[in-house]
Structures are given as structure tokens and as C-alpha cells.
Amino acid sequence: MRKFALVLLSISALLAAPLYQASLDANAKHWEAQRGIASADNQVQREGRASLRVEPNGASDAYVLSTPVTLTVGKSYELSGWMRTDKLDVRDTDRSPIATGASLSMASMPFDVHSESLGGTRAWTRVNLRFTATRADDQVVLNVAGGGAFTGKAWFEGVSIEEVAQSGVLPQKASLRTFGPAYRYPRGGWLYVHIEGAPYERGYQHGYLLAREIEQYIDRCASQLDAKSKVTAWNNGRTSANALFLRGFDKEILTEMKGIAEGAAAAGAKVYGRTIDLVDVVTLNTITELGELRGAMPMTPSGLEGLNLMKPRYDASRTDVPVTARCSAFAATGKATRDGKMVIAHVTMWPLTLAEQTNIMLDIVPTEGHRMLMQSYPGGIQSGTDWYQNDVGVVLTETTIRQSPFNMQGTPVAYRARRAIQYGDSVAKVVEELSTRNNGLYTNEWIVGDARTNEIAMLELGTYRTKLYSSAKNEWFGGTEGFYWGCNNAKDLNVRLEYVPDPHGTPEDIPFVPAPRDIKWQEMYRQYKGKMDEGFAALAFRTAPLVSWTTMDAKIATSDMAKRMMTWALFGKPNQREWVPSPMQKDSFAGNDGLYSSGYRLFQGHPADAIKMLLDGAPKASAITAQAAGEGGGGRGGRRGGRGGASAASDEKLWNGWILPSSDSDVWLTAGATGYHSVAGASDVDKRLESFRVQYRAAALDGEMPLSKIAQSTMSANWHTLAEAKGVLLLDALRRSMGDDAFYALMKDFFDKNTTKTVHASDFVAAAGAGQQALFAKWLNETGLPDHADGPLYSAGDLRRKLGSTIIVYGTQLEAGANRYAAEQWQKQFLDQFESAVRIYKDFEVSERELADHDVLFIGRPETNSALAAWAKPLALDYDGEVFQLAGKDHSSENDSLVLAAANPLNKKKMVLIAAGNSPLGTVLLTRGGGFGPSQYQIYDAGKPGESGFLTK
């Protein structure tokens, strides 16, 4: 095990030096504060060693870099260190980014990837961050208030980097679903899908693994064609795709698509009541080109050009073809970058209906050509949003430009782009594949990079007119040496001339005019020339106008990463904001849920030997029908909250009427009989009984007394809760002791004789007979619950009556944008429904005292919420990464979410409620679930309530 230490020591402590070490005396230069102030502090020590103090320098964050440390790209490491804070108050300076506390990170990481962060006043705390190296020469970052501003101080000591066993980007076994050598797993809002083999075999794997998602995506595509008549629109789309595009694919890709269709069909996929087929898969793979036909036709010569035909003056109509704004991208190399090597990155701006399922990270290992990693969609043989990498380090991306003419003799871009990345081993080969037999639809400005040579290129590919800019030829636009950018605005005049096929058409200003995004790219180039790297890409893509309201993702790769098929990828807006469906977007497709930022995650084409051990014994993929039945497809499981050992009583057995208590000691009967009437006639008897046990235990925290000595109060209803709950449970114990027939006969007889009357409970006790007197004595004269003394104290719905003492704590360690949005939605609901303004805290800023004094609603699972992670063990919360276990069963689907109530570990009179999804969307959808129910836990599937119940021993 190798260890690189950045130990924050005084010079006198530098004795047995590890492989990497930095001294922090006042004159040392091992740490550089790019923002903020960093100073050695001999007054604040940990175990006799001096620390590094970090303070603000104006209204900004602090960003302190170590000297470089050499790592091995692709290997896994753990960065760890000790931190202490004093009155550290962090504030956001804008909606984005979400500022965090004091934390550790690496210079190679996007801004939202960091260790647990600290705020307020905290004693020395050890934090760590496991990561996979993406740079050979990296730097440790000491960060305070990243992206925001702060007051107060933070100290760092004992920072080290240690090589660990491979784990980094590998999935959890429980989240895997396998089908032969193929597999899928969810991660941070993405679905990683690996397929391999000959065309039909790998296609069949794809279809089977993503059958349900392919069904859903076809419905989205049909809605995109015509939301009001989807079936007709899809059938028309099939006809057009069959006529115009199907025969433009070669045998290899058609065979793969045939496999996708038949694999999905074998798993039960249907399209509007019929079995999915090849034409469906061709159509979904050319949906973008179908959408561009309308824009292409006015650009396509008809033979009437040049005739100078004029519209009558009385006809003032015209049809403009809007310029679409769909992407922002760049590639940089040489003098533009930090290390002279390639950096390439891309964001997509896309219709929400399609964007929500363009979250497939597709890993294809074909029998011929290169292994590929691409962003795609269910059923895709190409990217669609055009982010491609292959195993020789070629990266391909694009931004659309104005639609050029349609060439019916050409082949679809879906085919040409796929061939370019599968068979392209150089920039020149990629350009050749893209340009050969181009049908012109979905006109793009392609950006290409080669990690082996660090060559980059920009290809403006019109239908018949093209322009290639190449770093190998030192060709740059606008004087931006080492830098190409794209933002849907063709730069070359010759390419732009295709927009005006008719020399006597409507006048148009043709030459390039920089749009706001063009200007911003050039401003950032001038500011960061010679410094561009992964951090620059993440910064650019959270900066308006390079990010917009329709931005749905971000992907970033450097030369070192591309050589190993690695990419930083984010699903959702890269500025941590939410994309909430508008009424129009919900109307066009009711299934639109919105996009909620996942934060950046590192993906890699897994080495076969690294993944093999996980695949052995991993859960198998199941057909759609089995998934619907809960047989393994999503890891459905857990204790069902049904009737269990007790069955519902028929209406004929139940009693009617009402009675009044003659004294406080009789309330258990009058209230208990009413409550037990609703329990006995229900289908979920055991769950309802457990709910009463929970109510009793919570009320007993404020003091309990035997039922025979209950005394009412006008200042509290606690006494009544004790009487009612224990009364219900006593009557159930009596039923079990007497037997159903005798018990129900006793109840009916007592109510028939006494309805509307004031009663003495002693008369009921006597009527039960001498054989039950010992039972009554135990239940009436002693405190506690004789049969279930221990168990849960709270149900989820209890939070509603405790909002006056509730705080919301959302996670910022991962998925901060989604968690913040969910927290704000709960806050708004509480205010609108209960007139309670519940305060929101970030996970790092809430103190132990504040947690102890309040009921707490945690937003986000433990890996995203450091405050919840600290309590996972005392709460007995088994939530590992994106998989939670309940009653011994895993819940690993990306659609699974959990609401769970528990006692506050610091104060049992306060409750904790956890609202967490296995994905960002899962967490957000909990806010739309209609509130919290009467059970201790509720499991949700894609926002829909499923099983619920109580966790009992």
C-alpha cells in the first residue's frame, strides 16, 4: 500500500518522511492560497503538530493548493485529513454554486466533488474522500466556502493520500443487473449499460436490459412528434424512418438494432399494444433527423431557384426557420491548457421530454472496431446528444448549427457518428467517416480530439459545404490559438451559404455574427488561456449564457482520462439548478418529472478483470412482467405491511353505537373501543395495531401512568393518547385471549345494552368473565405495554404535529442541487399547509445542539448528506451508497426511495424523518407523494407509494 503524505507539520517534525510530504512553517511554499489566506499556526495544534490556518481575504471563498503529487491515473486513492473550525459562517453569493464548508478535494475534480465539509465551530474532525486518479500530477485542495463567501476560520492538519484497493468507479453488487456478459446499474441519475459481442448478440443484451426504458422512450418520442395523437404520429414516423433512413444503415448496425428489438420483445416490451420491432428501433434512433426534416426542406433546392418568382403583394405571410440552440462545447490543447494536453467538454440543450431519458452511459465492446463509451438513450445505437469516446483515446462531440439541405442519397447521422467512433482511430479517420455520404440532416459543428497526439479539430459539416479547422495545421478561428468552441453558430461563410439556396429569395444577413455565447467563450479564453483544464470546463458550464434553462447534462474529459475511457459526467443542470416542468411541458407529456442535478460523477469503461468478481453472483435482469410483480428487477423487497397474523372482522361481527366514560379511568374503554372498531374491520390489522403502539411509546416519553389512574388535563392531550392507544391494544389482547367469537359477542352485547349511556369500565371487565381478570389487572394497573414494550417511537406522519420544532437538513456532499430543491419544496408545503416556516440548514452548518433540540427532516441519503451519515449507525440505517436495506432485503433500483421515521439519537422526545431517494429524481419525487403517512417507513417506486410498515424486532 503506497502512501503520499501532505502532513501539516513543523520542520522539526519531519523525520521519517513518506513518499510525499510538505512542511508548513511560515516560509514554506508547499501550499499556495489562490483565494483566501493560508498561514502556518503553531498555536493551534493537533497532537503536538502545527496546523495550517485558512481565513477569508475579502468576500470570497478560500482555495489553497498543495505542491504537485504524482499519482497513477486509473488507480484508487483515499484523501484524508483533520479539520477544525471556529465560527465558520458560510453564505451563498448566488443561486449557483451551492457554497460548502471547509473540505478537502483534488485540483482535478469538479467543484462539487469534495469530502465531508465542516462549518460553525467544530473540534478536530477527520474527513476522507475516496477517488480514482484522473491526473498523473495532481494537487490537494483545501477549500472553504467553495463558490461562496465566509467569515471565521478553518484549520487543516495531517492531510495524506493513500492508495487503496480498487473501488472508485465500480458499482455495488446489489445494484447490478446482469444478462449474460452484459450488465446495467444506476449511478447518480445515470444508467450505466455494458454490452458486448457480435452485433445481434450485443443488441439483444441491450434490448433485454432496457426493455422497460425502451417502451417509455418510444412513448416520449411519439409525444415529441405529436403530443395530441401519439399513436398516429409514431406510425407516421415509422413509415418515414423506414422509407428515408433504414436502408442507410449497414448490415452490422441494422443487425444490432434487430437484436435490440428482439431482446426488448423477449423481455415483454410493447409499443401501443404490439410487440416492438426493428422499425421502432430505427425510428427512435432517427427521431432527431425526423424532427429536422421540416427545417431542411426549405434549404433543399427544388429546381425553381433562380426564377425570381415573387409573392403577390397582398400575401404578407412568410415562414422563418428558427436557429436552434442545443449545445455548448469546446476543445482545447497546447498553449490554451494547463499542461499542454487536450481537454474536451460538452453540454446538451434538449427538449425535456427526450432529455429525461437521455441518461444512458452506454459501454459497447464490439467484435470489430473499438470499444466505445457514449451518452445515449434506451435503444440507442448512437449517442443522439453526441458525446463519444473510444478505447484509443478519440473523443467526439458537437453542437448543432442551422439546418442545411437534405440529401436523400446520404446516410443518417446516427450511422455516420457511430461508425466514426467505432472505427475512427484518428482525427482524420473520424472526419472521413462523418463526411462520407452525408444526408445533411441534423447539421453539426463537430469537435474532435485525439488523446494520443493531443490534436483537436472542428468540422463544420454542411450537406455539400464543409470547413475543417485543425490544430495540426494551426488553424484557429478568431485568434483563439489552442481553442475551438461551439454554440450552434456556424463560423465559416461557405458553410453558411447553404442557408440561402435561392439567389432571389428573401434577403438574409449571411456572414458570422457572434452570439452572446460566442462572446462569452472568447472572454473565457482570454481570461483562462494557459490554465484550461477540467476545472475550467466545470466553471464554464455553470456560467451563463453557456448554461441555459434547457441544459440537461455535462461531460468532461482530459487527455489522461480519454486514454482510459474516463469521463466526468453530470445529469441535470451543471449549475446545480433544477429544471421543473412547465405546465406546457407537462401537457405535452404527462410523464415529464423534470431534471435535478446529480453532481459530477466519474465514469469509466470498466476493465474486464475489475468487474468480473462483481458480476459473479450479481442479481439477474428480469423481464418486464417479473419486474411488475416485484421479482428482482428493482430489488423490491422488505417486510410487507399487510394484515400479517390478524384478519379483518366482518361488519356483522362489529359493534355499533357510542358510550361515554363515567370517570377518567373509564376513558381507555370508550376511546379504545372506538379505535379498535376501525382496526378490527381493516385489512391491515397488524400495521394499525403497531401504529397505536408507536403512539403510546411516544406519549409515554412525557410520563405515563396506569390506565386505572389516568387523569385528564386541559393543557395536553397526552393522557388521552395513552388511554386510547393502550385501550386499543388491551382489547386486541382480550380478543386473542377469548377468541374471536366470544370477544365480538361480548362487544356487541355491551354496546347494545349501553349505547349512548355513561358507563363504568369495571362493568365491562366483569362481563368478560373471571378467566380474564389477570389480563385486565396487568393492562390496567401497570405501566408500559405488556406484549410489545420495545419498538418504534414515531411514524412518519407524526412530523406534521411537530413542525413548530422541526428543522430541515439537506445534503451538500453529493446531489446538492436536487437535495436543496427538495428541502425548499418541503418547506413551502409546510408553510402553505400548516402555516409553519421550517428553517433549512445545510448538512455541514447544523450543530449538534441544534440537532438535539429539534425534530429533524433529513433530505438525501447518507452518501449525500454528511449530517445523516454521522447518525446512520445510531439510527440503524442501512444505506450503502445508492442501495438501502430494509428488513434484510436490498432496494437498489434507481426508482426506489425511502421515508423512515426514528427517534432522535440525542433526544428521544424529538424525532428524525429521513426522505431519501436512490437517485436525485427519487429524492425530489418524495415531495410530490402527498405527505407522510401513518407508518414508520414507506418505500416509493418512481414517486408512487409502495410497501409500508414498522420495523419491529
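Helices (H or I, at least four residues) and strands (E, at least two) are taken here as DSSP runs, numbered from the N terminus. Axes are lines fitted to C-alpha atoms, for helices over the stretch in contact, with angles from 0 to 180 degrees between N-to-C directions, and contact means heavy atoms within 4.5 Å. In these terms, helix α23 (residues 816–834) lies across β35 (806–810), β36, β37 and β42, and runs at about 160° to β35.

The model is predicted, so that local features need pLDDT of at least 70 and side-chain atom pairs count only at pLDDT 80 or more, while totals for chains, interfaces and linings use all residues. Residues are numbered from 1 along each chain as its sequence is written, and side-chain values use heavy atoms, with hydrogens and water left out.

The strands β36, β35, β37, β42, β41, β43 and β44 form, in that order, an open sheet of 7 strands with mixed pairing, where two strands pair if DSSP finds at least two bridges between them. Its edge strands, each pairing on one side only, are β36 (839–842) and β44 (944–949), and the twist from one strand to the next averages 20°. A second open sheet, of 3 strands, has the order β38-β39-β40 and antiparallel pairing; here β38 (879–880) and β40 (889–891) are the edge strands.

| Strand pair | Sense | Bridges |
|---|---|---|
| β37 (residues 855–859) and β42 (residues 907–917) | parallel | 4 bridges |
| β39 (residues 883–886) and β40 | antiparallel | 3 bridges |
| β18 (residues 327–332) and β27 | antiparallel | 4 bridges |

Within these pairs, Leu-857 has Leu-913 of β42 as its bridge partner, Gln-885 stands opposite Asp-890 in β40, and Ala-332 stands opposite Phe-483 in β27. Both faces of β27 (residues 483–486) are covered, since Phe-483 and Trp-485 on one side and Tyr-484 and Gly-486 on the other are all buried, buried meaning under 20% relative accessible area with a 1.4 Å probe and protein chains only.

Which helix has an axis that comes within 11 Å of that of α3 (residues 230–244)? The partner is α6 (residues 287–296), and the two axes cross at roughly 90°; α3 and α6 are therefore roughly perpendicular to each other, a class that covers 65 to 115 degrees. The contact involves Trp-234, Gly-237, Ser-240, Ala-241 and Leu-244 of α3 with Ile-287, Leu-290 and Leu-293 of α6.

Key
Angles under 35 degrees count as roughly parallel, over 145 as roughly antiparallel, 65 to 115 as roughly perpendicular and the rest as oblique. Buried means under 20% relative accessible area, exposed over 50%, partly exposed in between (1.4 Å probe, protein chains only).
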